[in-house]
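Welcome! Here is a short briefing to read beside the structure.

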Amino acid sequence: MLRFIGKRLWHGGLTLAALVTLTFFVMRLAPGGPFSRNRKISPEVQANIEAAFHLDEPVWQQFGRFVWGVLRWDLGPSTKHRDYSVNDLIASGLPYSLTIGFWAIVIAALVGVALGLAGALKRNSATDYLAGTVGVVGIAIPIFVIGPLFQAYFSLRLGWLPVGGITEGWRSLILPVIVLALPNIAYISRITRTSMIETLRENHVRTARAKGVGWRRVLTSHVLKGALLPVIAYLGPATAAIITGSILIETIFAVPGIGRHFVDAALNRDYPLVMGITLLYGGILILFNIGTDVVRAVLDPRIRNER
Amino acid sequence: MIGQGKAVRHWLAGAAMVLALATTPALADDTLDRGVGSEWSSLDPQVNFDGSAGFILADAYEGLVTFDPAGNIVPGQAESWEASADGKTYTFHLREGLKWSNGDPLVAQDFVNGVLRTLNPDTISEKGYYFYSTIKIKGAEALANGETKDPSVLGVTAPDDRTVVIEMETPAPHILDLMGYFQMAPLHSPSFNEGGAAVFIDPAKVVSNGAYIIKEVVPQSHVLLERNPNYWDAANVKIPFVKHHVTEDVGTELKRYQAGEIDITYDIPLAELERLTAETPDEVWVFPSTYLIYYSFNLSNPDLQNIDLRRALSLALDRDVLENKIVKGGAIPKLNYAGGFDPNYKGPDIAEASMSQAEREALAQELYAKAGYGPDNPLKLTISTTVAEINIRRAQGAALMWKKVLGAEVEVNSMERKAWLDLFYTDDWTIFADNLIGDFAGPETFLAYMRPSADAGYGWESPAYEAAMDEASTFPDKEGRYAGLAKAEKILLDDYIFAPMSIEPNRHLVKPNVKGFGPSAAGYHNSQWMTLE
């Protein structure tokens with residue numbers, strides 16, 4: 001098992017290094033720089049600014065500087081947000097993204113699995129159709145439509161919750177969490193349902209039933225374990241994506257998370273911030289993928305024994 | 001730069017804040033909530049160069065002068081000032097007993113130190129040009145370029161604690177426009193020397209001199225300000241707290257306004273402007289800003305080297321229809337360049353102004369044919385603009401008009417903003433959907449930018465324009481100067497190196513219970529003038 005984890009970590013590290021290297025150089029290919037302005041400033045002042053951020057150095061040297069910074073846990077200064085370093089910005093935004101993402105994924109997993117199970121066990125029942133409808137709606141209607149609709153109804157019409165911002169504590173979290181959870185509830189319930197139905201038809205389940213094992217026992221120790229494998233495979237990367245912040249959710253609900261920085265940094269050509277967030281996002285994604293593999297390996301001996 | 005330990009502490013502080021927020025009570029009525037658009041880039045008064053932070057810093061810092069709700073210059077930290085006869089030296093007299101927010105006495109040298117810090121190359125500020133280009137303060141350019149580090153060369157001095165003297169190389173009556181907080185915030189040296197630029201975002205350490213002090217800073221979310229008891233006019237500051245919210249998404253901002261979470265918005269969604277103006281006219285504020293829109297012609301393009309063609313293109317645009325029926329963003333259409341910002345500037349008389357649109361179009365067609373174009377030989381053009389909806393609409397409208405009136409084949413090439421900015425200097429464009437934000441609400445900031453010697457990248461040569469601008473800049477008074485500037489503007493407009501389009505307005509929604517908001521072109525809306533009723 002340790003060898004299995006070690007191998008995955010090694011591969012993950014290589015992937016991350018490749019991702020970061022590629023991002024670094026592709027960023028530089030895009031036209032425009034962090035200090036492009038429509039008002040031309042004097043060459044001396046421009047040169048001074050570029051030198052301060054080491055933009056006057058050859059690109060390979062800047063890359064070396066970046067790698068050296070990463071090794072020292074220092075992602076450098078942001079070129080747009082002059083008061084903050086990239087470390088500062090990530091440190092200030094991540095807790096909000098994590099909080100919203102954590103609750104969204106918990107809700108999505110609980111509700112999604114429950115709906116999927118209910119649908120699979122009582123196929124073509126009212127519950128199944130309800131779950132199916134939630135699934136279609138959750139997947140088909142994008143966040144940027146659902147978000148404003150929820151704001152219009154729950155905040156403006158009913159006045160129950162704030163439209164956006166983070167100034168009203170837990171009440172500020174409800175709408176973003178629900179809207180972020182919805183599409184994931186939909187996916188998870190669909191995956192659970194399909195996987196449950198397939199597993200119920202497997203030979204080992206039939207054998208267990210034939211041997212006279214009780215239905216409840218069959219479900220808990222023979223069906224669920226296998227049926228949840230695809231759900232876990234989905235949850236790993238989905239959790240990584242959700243907790244690192246959703247640009248749409250954070251923009252629509254004015255949440256000061258890390259996701260908004262991701263797009264803004266690229267648009268502003270804030271190279272250090274783009275690199276910092278890429279590194280963070282890539283790292284979390286890879287770690288969750290490894291975590292998923294490990295959990296699946298624990299549940300399924302076939303996976304951990306594969307070469 | 002920040003170490004790991006500090007980052008972790010920030011993380012914990014942030015996490016704690018998320019939890020603590022759960023117990024924070026709802027917004028009280030003693031707080032003015034304002035939207036500032038996208039996130040501010042810096043709260044460092046000598047570094048910040050953007051409008052979002054400008055709103056916040058306007059409340060936290062005060063310059064020698066300040067601006068009333070209508071944008072007029074009124075005494076700030078200085079109670080009076082006078083200019084020398086030649087207009088090159090201005091002497092400002094500070095109010096008696098001025099204090100910083102921590103109670104320290106505020107002295108004239110603090111203003112000198114603010115300018116010195118702005119110019120110091122180590123500050124990495126882009127604002128130095130205000131002092132060596134917009135106005136030409138002695139020694140400023142040498143300090144900004146790093147030619148000297150000797151502060152005594154600077155033409156900003158403090159002969160005593162209550163007097164600031166500014167000496168310029170050429171007279172500049174618009175100096176007062178640059179004496180507000182944005183360019184001329186003083187520097188509290190003790191706190192800055194101890195904590196560096198980090199003090200400006202640290203509520204525990206920041207020392208300011210405006211009507212409000214910074215109490216809380218949450219990046220991407222908000223800045224909370226509280227009334228500064230040590231401000232000289234604290235008795236007349238009515239609203240105890242001001243919260244400046246980042247409102248990046250204009251649709252969300254509108255909903256937050258409608259829900260009562262925001263009292264003054266940063267902008268109004270274009271699609272909603274007409275409806276809101278009809279339904280709640282008292283809450284909609286649309287008034288000129290210092291943001292000028294014009295379409296530049298690439299003078300190195302063989303087609304566009306023909307002045308008749310350039311004039312034809314400018315004449316063919318029906319600016320009223322374009323702004324009021326197509327773009328519908330409240331922009332003010334215009335045929336001149338530098339007019340419309342300062343009502344005292346009359347500008348030159350131009351032939352187009354007295355023509356009807358039908359006459360303009362007839363002349364455009366005539367000039368287009370004279371330049372050698374027609375149905376068999378149509379002009380092919382590309383308008384390069386950004387991906388912002390308002391800019392694409394304007395470009396598509398202009399393309400349509402050039403096609404309809406002249407028969408030209410026009411493409412709209414919209415690109416991401418940074419790419420668009422760089423495109424200008426690559427020269428790989430024909431028509432550039434250009435804009436310029438003035439340093440102040442007056443004609444000279446725009447006209448000086450167009451000087452060939454200013455090297456703004458238009459590739460335009462005009463000794464006559466340079467001479468006219470040189471002549472205008474010898475006048476120490478606005479009246480004489482404006483007459484000279486109008487002469488220069490005539491030369492500029494007659495060369496048709498661009499088609500003037502419009503002035504982009506400021507668009508705000510203001511709650512009916514907020515009083516004291518006014519139409520300031522330069523965008524100064526200090527909360528100290530406002531009341532909540």
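Helices (H or I, at least four residues) and strands (E, at least two) are DSSP runs, numbered from the N terminus. This is a predicted model, in which local features need pLDDT of at least 70 and side-chain atom pairs count only at pLDDT 80 or more, while totals for chains, interfaces and linings use all residues. Residues are numbered from 1 along each chain as its sequence is written, and chains are lettered from A and ligands numbered from 1 in the order in which they are written.

**A residue to start with: Tyr368(B)**

- Tyr368(B) sits in helix H12 of chain B, which covers residues 357-370.
- Tyr368(B) counts as buried because it has 25 C-beta neighbours inside 10 Å; the cut-off for buried is 20 or more other C-beta atoms within 10 Å, with exposed at 12 or fewer, partly exposed in between, and C-beta atoms placed from the backbone.
- Beyond its neighbours within four places in sequence, Tyr368(B) is in contact (C-beta atoms, placed from the backbone, within 7 Å) with Leu309(B), Ala312(B), Tyr373(B) and Leu406(B).
- Ala408(B) is 40 residues away from Tyr368(B) along the chain, yet their C-alpha atoms are separated by 9.5 Å.

**Nonpolar cores**

- A nonpolar core is a set of buried Ala, Val, Leu, Ile, Met, Phe, Trp, Tyr and Cys residues joined through C-beta atoms within 7 Å.
- The largest such core has 138 residues, and Ile188(A) and Ile56(B) have the most contacts inside it.
- H4(A) gives the largest share of this core, 15 residues.
- A second, separate core has 61 residues, among them Leu292(B), Tyr373(B), Ala398(B) and Ala488(B).
- Setting aside neighbours within four places in sequence, the contacts of Ile188(A) include Ala108(A), Gly112(A), Val231(A) and Tyr234(A).

**Two helices of chain A**

- Helix H4 (residues 86-121) and helix H5 (residues 126-140) of chain A pack at an angle of about 135°, and their axes are 8 Å apart.
- H4(A) is therefore oblique to H5(A); angles under 35 degrees count as roughly parallel, over 145 as roughly antiparallel, 65 to 115 as roughly perpendicular and the rest as oblique.
- Axes here are lines fitted to C-alpha atoms, for helices over the stretch in contact, and angles run from 0 to 180 degrees between N-to-C directions.
- Where they meet, H4(A) brings residues including Leu115(A) and Gly119(A), and H5(A) brings residues including Thr127(A) and Val134(A).

**Where the chains touch**

- Chain B puts 56 residues into the contact and chain A puts in 53 residues.
- On the side of chain B that touches chain A, H1(B) gives the most, with eight residues.

Technical notes: Two residues are in contact if their C-beta atoms, placed from the backbone, lie within 7 Å.
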